Amino acid sequence: ERMMEIRRQNCNPMTMKVTYYKKPVYIHQGHMQWLWDVDGRRYLDLFAGVATVSVGHCHPKVTAAAEKQLRKLWHTTNIYVHSPLHEYTEKLAATLPDPLKVIYLTNSGSEANDLAMLMARLHTGNFDVITLRGSYHGGSPHTMGLTSNAAYKYPVASGLGCHNTMCPDVFAGPWGGSNCRDSPVQTIRNCSCPQGSCTANDKYIGQLNEVFATSVPSRIAGFFGEPIMGVGGAVQYPKNFLKDTYKLVRERGGVCIADEVQTGFGRTGSHFWGFQGHEVIPDMVTMAKGIANGFPMGAVVTTPEIAASFGKGVHFNTFGGNPVACAIASSVLDTMEEDGTQQISHDVGTYLLTELAKMRDKYEIIGDVRGKGLQIGVEMVKDKASRKPLPPAAMSEIFEDTKDMGVLIGKGGVYGQTFRIKPPMCITRDDADFFLAVFNHALHNYME
Ligand code: PMP
């Protein structure tokens, strides 16, 4: 174990953060919702490599599909066509409503959002982009500009011209202000309505209008928004917020992009795509993570019209649409249907949300329980009255304790104050009960 730690420190950059600081977890093996470390300890995985292992670690069916393709053809690049590419893109297109039918395959969510931003600018002839405060849309120089969450930003000029103190091109609304590192970070959820009943839409749309009036003088290329914010801490918007935002953005000539990197593929339970829960049809949908159960892949799906604006150039991506990735992603879509993963997301997610809400009523340090399906956030506070974030040391104590009792969860939110639960969509109600008992115990230990 010590040797592994020395190897990690020697070879891995400081920016590569391990989650458990007291003692990093060395994962050795996975099967469905379970992970094992090098000492043979088993963990219930409720974070899924950040909402990425969608149908289960090493799912036998998907593994078999990968093995089959690996023996046939690994790579051609997109200068040739191959049947896994056609089979997959047809299957993926069938999950989306018209006119979202043109698919570009990438290798990650950042690449997908980079491409979507490029297409939005080419299509509209405009430059400015609006994102939401607290959002995460990627770590490439361009998408770092879209990302509002200060923890993931570097104070250098990005491809967006995003400098230390001003962001001329990317604006974060409706929570106000520019989205640069130096900007004052507000609490991401300045609304304390119980989940789903928020009526503050007017307030947020008002803030968005301010962004239009003061920062975006009629040259808007697009709006990026997740249907439910992921890294930001499972933040949900008031009813009609996305619908109204899409309308306002389109009125000003911009296109609307749904970042479904976390919310897609049935994770929200009630719909296959998160945007379907908002009664909107985006102009572009970006996806990655759960698309191939952990195999690197991403995609942008857009309309023929936007694709035509982009079509004049050449888009080359060596690995995008790789045969193995396509075979895996295709098997993932089949498996989702066969295993009923969206239904599991809905059923186990609803159960977890109900039980966690009971815990919120019991514990002074649980400020909010929110999310949908298996995209859940538990926001921790010093106390309910102040709604101040629970400090990092306290968060870590609960987090490490939960791990020591055999459950892996995630952290997020602008202050790292939100526990995140986004497991492989094969977990059972018994697993949920196990987690609830462990979490209860960890909170109890902390309060003592
Ligand atoms: N969009 C969202 C909503 C994400 O959560 C992430 C990753 N956390 C990304 C984009 C970037 O994806 P990737 O890490 O695959 O580049």
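**Terms and the values behind them**

Modeller: The chain has 13 helices and 15 strands. The model is predicted, and buried residues make up 51% of the 448 residues in the chain. Of the contacts between residues at least 6 apart in sequence, 72% join residues at least 24 apart.

Biologist: Why is Gln236 called buried?

Modeller: A residue is buried if 20 or more other C-beta atoms lie within 10 Å of its own. Gln236 has 21 such neighbours, so it counts as buried. Gln236 sits in the loop between strand E7 (220–225) and helix H8 (241–251). Its C-alpha atom is separated by 19 Å from that of Asp347, 111 residues apart along the chain.

Biologist: What makes the phi of Met32 worth a remark?

Modeller: Most residues other than glycine have a negative phi. The phi of Met32 is near 50°, a positive value in a residue other than glycine. Asn293 is another case, with phi near 55°. Asn293 lies in the loop between strand E9 (284–287) and E10, and with 28 C-beta neighbours inside 10 Å it counts as buried.

Biologist: How do you know that the bond between Asp98 and Pro99 is cis?

Modeller: From omega, which is about 0° for the peptide bond that joins Asp98 and Pro99. Most peptide bonds are trans. Pro99 is in the loop between helix H4 (83–94) and E4.

Biologist: What makes E4 a mostly covered strand?

Modeller: Four of the five residues of strand E4 (residues 102–106) are buried. E4 is joined by five bridges to strand E10 (residues 298–302), and the two run antiparallel. One of the facing pairs is Tyr104 with its bridge partner Val300 in E10.

Biologist: Why are E1 and E13 called edge strands?

Modeller: The open sheet has four strands in the order E1-E2-E3-E13, with mixed pairing. Strand E1 (27–31) and strand E13 (407–408) each have a single partner strand, so one side of each is left without a neighbour in the sheet. E1 pairs with strand E2 (residues 34–37) in the antiparallel sense over four bridges. Gln29 stands opposite Trp36 in E2.

Biologist: How do you know that the length of helix H10 agrees with its residue count?

Modeller: The expected span is 1.5 Å times one less than the number of residues. For the 17 residues of H10 (residues 323–339) that should be 24 Å, and the end C-alpha atoms are 24 Å apart, which agrees. H10 is also largely enclosed by the rest of the structure, because 13 of its 17 residues are buried. Gly340 follows H10 and has a positive phi, near 65°.

Biologist: Which helix gives the largest share of the shell around the ligand?

Modeller: Helix H5 (residues 109–124), with three residues. In total 15 residues surround the ligand, and the closest are Ser108, Gly109, Ser110, Gly138 and Val261. The shell has five nonpolar, eight polar and two charged residues.

Biologist: What are the bounds of the two domains, and what lies where they touch?

Modeller: The domain assignment gives domain 1 (2–47 + 340–447) and domain 2 (64–339). The contact takes 26 residues from domain 1 and 25 residues from domain 2. On the domain 1 side, the elements that give two or more residues are helix H11 (341–362), strand E11 (366–372), strand E12 (375–380) and strand E15 (418–421). That side divides into six nonpolar, 13 polar and seven charged residues.

Technical notes: Residues numbered from 1 in each chain as written. Predicted model: local features only at pLDDT ≥ 70, side-chain atom pairs only at ≥ 80, totals over all residues. Buried ≥ 20, exposed ≤ 12 C-beta atoms within 10 Å, placed from the backbone. Contact = placed C-beta atoms within 7 Å. Domains from an automatic or database assignment. Nonpolar A, V, L, I, M, F, W, Y, C, P; charged D, E, K, R; others polar. Near = placed C-beta within 6 Å. Pairing = 2+ DSSP bridges.
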